[in-house]
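Me: Before we go through this model, please tie each term to the rule behind it. I would like the value, the rule and the conclusion.

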Amino acid sequence: MDNITVIGAGSWGTTLAVLLAEKDDKNKVRLWVREPELCAIMRQERENRLFLPGVKLPDNLIASDSLEDALSGGAAIIVCVVPSFAIRAVFSEARAFIKGAPVIVSATKGIEEDSLLLSSEVLSQALKGIGCEGMAILSGPSFAKEVSRRLPAAVSAAAATESVAKKVQEAFSTPHFRVYTNADATGVELGGALKNVIAIASGISDGLGLGCNARAALITRGLAEISRLGVKMGANPLTFSGLSGLGDLVLTCTAGQSRNYSLGYGMGKGAVLSELLSVMKEVAEGVKTARAAHALSIRHSVSMPITDAVYDALYAGKSPKQAVLELMTRDLRAE
């Protein structure tokens, strides 16, 4: 029996908690829910109607709105699934309740805006001085609704230590959720974060009606600029050809289920960004990541024209149409 705590009860956090609870009914899975009202409903109705309607919560999944209670069992694995901007605050509070030496799994795909740190790096800072077995990244092409319906998906578990990656692989793998290990934690995490920026660009392109050729070019050239930045930051370029690179990029850039693609699509159709954000139930990580990625490209002197175009459309007052036009009329160069 394992005690596992999932911190964050959005659609992905709830899906992972359900997956872990269903995998072995001897597992005791605790799920921290930020909203007390939602937590009460989940306990009573055994369903997260706000973020994952129609999915029954197993009996061995315990919802709690208290970090102390959620971590009281001495979790062997702690999974972070809160938005990137909330990691530092949530885990700075959680650290007082962590017992033993758990494996910390980051399943958040984002970059902290002010520090430009990856989610795992923010976790490491927030939990400094707390003993843990290791840190792993769980990332890849995986829409929560499909995973919760037990449709096939494959992701990567990346860690600097092979034993930690294998422990996460074994904990999360099921007949419908295949987990591969990867030694390149930086590349896996960067791929998962930066693809959200390209997904906004893809949505903008489709919203403007620019066609399939344009979308294919954005995905391909988007992968190229993600790889350039990744290599500068110490990642293995081959990682970006894998699940957390190309796989996640294709999924997020082509499907309406993607929050980032949908936001971009709305922008392409002429909607105001603030209005789009106000009606979204969950965070579109690409909005904040675009600012962080733009800053990282400057810090590392890496050309990221698609990221720059998204940044301009989000923060510089440039219309999506003008941003795309400038992207297509840059100086000609070799591929």
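Me: Which residue in β5 stands opposite Leu 31?

Reply: Ala 63 does. The model is predicted: local features need pLDDT of at least 70 and side-chain atom pairs pLDDT 80 or more, while totals for chains, interfaces and linings use all residues. Numbering starts from 1 along each chain as its sequence is written, and side-chain values use heavy atoms, without hydrogens or water.

Me: What makes β2 and β5 a pair?

Reply: Two strands pair if DSSP finds at least two bridges between them. Strand β2 (residues 28–32) and β5 have four, in the parallel sense, so they meet the rule. Strands here are DSSP runs of E, at least two residues, and helices are runs of H or I, at least four, numbered from the N terminus.

Me: Why are β5 and β10 said to stand at the edges?

Reply: The open sheet has eight strands in the order β5-β2-β1-β6-β7-β8-β9-β10, with mixed pairing. β5 (61–64) and β10 (177–182) each have a single partner strand, so one side of each lacks a neighbour in the sheet. On average, neighbouring strands are turned by 25 degrees against each other, direction ignored.

Me: How do you know that α7 packs on the sheet, and which strands are touched?

Reply: Contact means heavy atoms within 4.5 Å. Helix α7 (residues 162–172) touches β6 (77–80), β7 (103–106), β8 (134–139), β9 (153–159) and β10. Its direction makes about 180 degrees with that of β10, on a scale from 0 to 180 degrees between N-to-C directions of lines fitted to C-alpha atoms. Helix α8 (residues 185–207) also packs on the sheet, touching β7, β8, β9 and β10, and makes about 40 degrees with β8.

Me: What lines the largest pocket?

Reply: A pocket is an open set of points on a 1 Å grid where a 1.4 Å probe fits, with protein on both sides within 12 Å along at least five of seven lines; lining residues have an atom within 4 Å of a point. By that rule 39 residues line the largest pocket, with Ser 11, Trp 12, Arg 259, Glu 282 and Val 283 nearest its centre. Its space is about 1,100 Å³. The lining has 18 nonpolar, eleven polar and ten charged residues.

Me: Which helix gives the most to the lining of the second largest pocket?

Reply: α9, with seven residues. This pocket has a volume of about 580 Å³ and 21 lining residues, including Ala 217 and Arg 221.

Notes
Grid points are joined across faces, edges and corners, and a volume is the space filled by probe spheres set on the points. Ala, Val, Leu, Ile, Met, Phe, Trp, Tyr, Cys and Pro count as nonpolar, Asp, Glu, Lys and Arg as charged, and the others, Gly among them, as polar.
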